There are 2 protein chains.
Amino acid sequence: MVFKNGEEARAAIRLEKWTGPTPGLAYGYTQANLVVLPAKYALDFLIFCQRNPKPCPILDICEPGKFTPILTAPMADIRTDIPKYRVYRDGILVEEVNNILNLWSEDLVSFLLGCSFTFEKALSDAGIGIRHIEEDRNVPMYITNIETIPAGIFKGPMVVSMRPIPKHLVEQTIAITARFPRVHGAPIHVGDPEKLGIRDLSKPDFGESVTLKEGEVPVFWACGVTPQAVIMHVKPEFVITHAPGCMFITDIKDDDLEL
Amino acid sequence: MVFKNGEEARAAIRLEKWTGPTPGLAYGYTQANLVVLPAKYALDFLIFCQRNPKPCPILDICEPGKFTPILTAPMADIRTDIPKYRVYRDGILVEEVNNILNLWSEDLVSFLLGCSFTFEKALSDAGIGIRHIEEDRNVPMYITNIETIPAGIFKGPMVVSMRPIPKHLVEQTIAITARFPRVHGAPIHVGDPEKLGIRDLSKPDFGESVTLKEGEVPVFWACGVTPQAVIMHVKPEFVITHAPGCMFITDIKDDDLEL
């Protein structure tokens, strides 16, 4: 299925006419990660994101009990407009659901975080291929030796995503993604996985490995899995996230996030 | 007095060897506004700032009870390193003090917000005069008809500062300040005070009026007084801020806040 814009895609998702992955569903509209937390964790988490904007770029926040992302999709409902949600209790995944209406409470705070789909579109538009899309896999992600800046109870290593880029396109790749600071921005490292404490590129901690061809270098970006990993480390009694690949589609256009 | 850097200036301020205004005290080092709030207001206030980044650009946050601004001045103590603080109870200014050690509690959350001194330095460096500095006055500030985006209990009109700029320098002024998004960024309006609901430039709501000369246009920027005005409207039982002109001097250089 393909929709004209974020609003149309969300309408179909709300009616559960679409319950699968969202990439390509409303081309050019910004997709976002969802994290829903009990209010007592929200201040620490928000400070964590403010201190670590590269892995945790906040696009929108709903106050306790509120479910309208007023900056990015003022007609949307965070409880119904994502195809698939994951529910965690005490850090353990307990169920996947198509809406969270029955799980909702006045105590919940919702965060929408930017995602690398936005800069991948910009790279594709510039003719720079995205290997995991070409190979129809999930992007490879690795836990690094870079510590995030802690905030309250939240701390842990940064997770990065990796995309192989031909040597002669690395500078252009850096320049393009640097223009999207609200969706991870410029790479945090180019070239040497060991500098990040990554021993074997073929064994990612999350996602799937992709082919690194002759003449290509691995390029690493701060990854939106970082905040999820940091939260799960704390094992809060209750957390809701989107299911992998099933994102929230906003009314913002990817191009509008460019500087 | 003039100091080599933020650390030296703060050391003198901590010992109360300097208890006055900070502009020019450590040239080139970023100065910041301070807001200290009870924890129960902190999440709403932080969401308010995230939704209104032009008037409320957050540079650093200390978690409840913490007094070290770890991003901007990791050796500093927010309780002693500002020359003069203002203490408000139920929205009323009750005292001015040189440190807040006796007022401190585990429940307090501190926010450092960017201030226009940073872009004024950049304008001066480019040879663009700052009228209120030339006339040795406080910058004129006006309450506008632009509503901020509310968050929780916080809402209210945006406050702007105004600087007269010669017509032929307006474009350059916009370009320079646009490169400082973390300290108010580009102007929000150029030319017509009435568009902002300002009836009389000679009667600012805060600060002092300055001369608008022939061939100059009034240029308006989102102002860091906005968050203070919004907080005072709520009349929290307890708030601490810096005293006007007596800012927190960070270890960051103004030039480093440029894009």
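**Strand β5 of chain B**

Author: This is a predicted model. Strand β5 of chain B, residues 108-114, has 7 of its 7 residues buried, so the rest of the structure largely encloses it.

Reader: Which residues point which way from β5(B)?

Author: B:Leu108, B:Ser110, B:Leu112 and B:Gly114 point one way, while B:Val109, B:Phe111 and B:Leu113 point the other way. All of them are buried. In a regular strand, side chains alternate between the two faces of the sheet.

Reader: How many bridges join β1 of chain B to β5(B)?

Author: Strand β1 of chain B (residues 29-38) is joined to β5(B) by 7 bridges, and the two run antiparallel. Within that pairing, B:Leu37 stands opposite B:Val109.

Reader: And β2 of chain B, parallel or antiparallel to β5(B)?

Author: Antiparallel, over 4 bridges, with β2 of chain B covering residues 58-62. There B:Asp60 has B:Leu112 as its bridge partner.

Reader: Switching to chain A. What is the strand order in the open sheet with β6?

Author: The order is β6-β7-β9-β8 in chain A, 4 strands with antiparallel pairing.

Reader: Which strands stand at the edges?

Author: β6 (141-147) and β8 (189-190) of chain A. Each has a single partner strand, so one side of each has no neighbour in the sheet.

Reader: How many bridges hold β8(A) to β9?

Author: β8(A) pairs with strand β9 of chain A, residues 216-222, over 2 bridges in the antiparallel sense. A:Val190 stands opposite A:Val219 in β9(A).

Reader: Which helices pack on that sheet?

Author: Helix α5 of chain A (residues 170-178) packs on it, touching β7 (157-166), β8 and β9 of chain A. The direction of α5 makes about 15° with that of β9(A). Helix α6 of chain A (residues 225-234) also packs on the sheet, touching β6, β7 and β9 of chain A. For α6 the angle is about 155° with the direction of β7(A).

Reader: Now the contact between the chains. How many residues from each?

Author: Chain A gives 15 residues and chain B gives 15 residues. On the side of chain A that touches chain B, α2 (39-51) and β2 (58-62) of chain A each supply at least two residues.

Reader: Which element gives the most to that side of chain A?

Author: α2(A), with 7 residues.

Reader: And what is that side made of, by class?

Author: The side of chain A that touches chain B has 10 nonpolar, 2 polar and 3 charged residues.

Conventions. Residues are numbered from 1 along each chain as its sequence is written. Chains are lettered from A and ligands numbered from 1 in the order in which they are written. This is a predicted model: local features need pLDDT of at least 70, side-chain atom pairs count only at pLDDT 80 or more; totals for chains, interfaces and linings use all residues. Two residues are in contact if their C-beta atoms, placed from the backbone, lie within 7 Å. Ala, Val, Leu, Ile, Met, Phe, Trp, Tyr, Cys and Pro count as nonpolar, Asp, Glu, Lys and Arg as charged, and the others, Gly among them, as polar. A residue is buried if 20 or more other C-beta atoms lie within 10 Å of its own, exposed if 12 or fewer, and partly exposed in between; C-beta atoms are placed from the backbone. Two strands pair if DSSP finds at least two bridges between them. Axes are lines fitted to C-alpha atoms, for helices over the stretch in contact, and angles run from 0 to 180 degrees between N-to-C directions.
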